[in-house]
Amino acid sequence: MLVGGLPWLSFGAVLCLGEEFEGGECVWKDGLEGLVASAEFRDRVYQVEHRYYPGALEIGIRTELDGVETRVFRKMADSNRGLFKVIVDGKPTTDRIKNSGEIPEVSKMTPIIVNTMQDADPSVGRIADTIARHLGIRPNINMYTSPPHSVGLTAHHDPQDVFVIQVSGSKTWLVCDPIGPGRSLPTRVSDDPSHDLYYRYSTKDLEGATCREYELNIGDILYMPRGTIHAPATHKNSSVHLTVGIDGDFTWGDFFKGVARSGGFEKPRESLSTLFTCLPQRHSWNSRKVLRTSGGGNARWRLGKDC
């Protein structure tokens, strides 16, 4: 079976941590706000691993989001046309939609992206406010509409942490654990295949990767830390989903670099080594080089008993 042009790959394990096990699935019953506010999510999932939460979105929010694509399509004007993009050959382009009257027909043939949805519709704005209240960052939210039997963006990773919220229909996601540069929780990407920050992946790139396939239905939520590889596609149903992007422009690597340059510690080798041992392993990927070049020695990751 192909998902987003990629073959079915090896699966990882599924654990219910903080959710209830029901009907063969992990089910989160406290809604989106309960999810982002929970210690379980912050301590064990956020920026650590992807997690699928079937049916997690509250009924009230689902009702508010019903028909959001129609409401927003009607708002297209000369002043915001650049926010409406069509996906062609797995990449977004802005030259296929001339006016709002064309959108219904175009959306039947190809996927459409609408950016900065948090400012376009009150129901989406409330989701942004909920995220900001608990994570301290007001997210950027994009909407993706897809006709049946269509492939969205080809396999890639994002430089933001992402919540995918399924609004209507269904969509299949191939999700792979980070490899290469994705392991460092990247905050930037490059379209240049020769660049270290290149973020797209071929079928060959993902050979041997640990991947899972999820089918998101109305009300399902999928969380992915930045760097997580994903490739969405629709089959017999159309789909509308929101991608809630949480930027993390300042990383632990940036912190280490700043401390090393400022001379902020009296004994940088010992102090930085101690801090480094307290980091979760994924955060250590983009900090190890900084630590070594700033006098931290060859410290290796471990969760220190005093952290």
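Guide: The structure holds 7 aromatic pairs, counted when the ring centres of Phe, Tyr or Trp (its six-membered ring) lie within 6.5 Å; planes under 30 degrees apart are called stacked, over 60 edge-to-face, and the rest tilted. In one of them, Tyr-46 and Tyr-223 have ring centres 6.2 Å apart and planes at 45°, so this pair is tilted. Tyr-46 sits in the loop between helix 2 (39–44) and strand 5 (51–53), and Tyr-223 in strand 12 (residues 221–224), so the pair ties together parts that are 177 residues apart in sequence. Helices (H or I, at least four residues) and strands (E, at least two) are DSSP runs numbered from the N terminus.

The model is predicted: local features need pLDDT of at least 70 and side-chain atom pairs pLDDT 80 or more, whereas totals for chains, interfaces and linings use all residues. Residues are numbered from 1 along each chain as its sequence is written, and side-chain values use heavy atoms, without hydrogens and water.

Tyr-46 and Tyr-223 are both buried, that is, under 20% relative accessible area, with exposed meaning over 50% and partly exposed in between (1.4 Å probe, protein chains only). Ring pairs also join Tyr-46 and Tyr-223 with Phe-41 and Phe-163 in a cluster.

Strand 10 (160–176) is among the elements that cover the buried residues of helix 6, as are helix 1 (31–37), helix 3 (59–65), helix 4 (68–73), strand 9 (140–146) and strand 14 (239–247). The buried residues of helix 6 are Ser-123, Val-124, Gly-125, Ile-127, Ala-128, Thr-130, Ile-131 and Leu-135. Helix 6 (residues 122–135) has 14 residues, which at 1.5 Å a residue should span 20 Å, and its end C-alpha atoms are 20 Å apart, which agrees; the expected span is 1.5 Å times one less than the number of residues. After helix 6 comes Gly-136, with a positive phi near 80°.

Strand 10 pairs with strand 11 in the antiparallel sense over 7 bridges, where pairing requires at least two DSSP bridges. Within this pairing, Ser-170 is opposite Asn-217 in strand 11. Strand 11 (residues 211–217) is mostly covered, with 5 of its 7 residues buried.

Ser-170 is also one of the residues that Ser-239 touches, others including Tyr-144, Gln-166, Ser-168 and Thr-234, with residues up to four places away in sequence not counted; contact means heavy atoms within 4.5 Å. Ser-239 belongs to strand 14 and is buried, at 2% relative accessible area. Its side chain makes a polar contact with the side chain of Gln-166 (2.9 Å). A polar contact is a pair of N or O atoms within 3.5 Å; within protein, one must be able to donate a hydrogen and the other to accept it, and residues adjacent in sequence count only if both atoms are side-chain atoms.

Arg-71 lies in helix 4 and is partly exposed, at 28% relative accessibility. The side chain of Arg-71 reaches the backbone oxygen of Asp-66 at 2.8 Å, and one of its polar atoms lies 3.0 Å from the backbone oxygen of Glu-64. Arg-71 also touches Leu-65, Asp-121 and Ser-123. Arg-71 and Asp-121, 50 residues apart in sequence, have C-alpha atoms 7.9 Å apart.

For the chain as a whole, 49% of the 307 residues count as buried. Among contacts between residues at least 6 apart in sequence, 78% join residues at least 24 apart.
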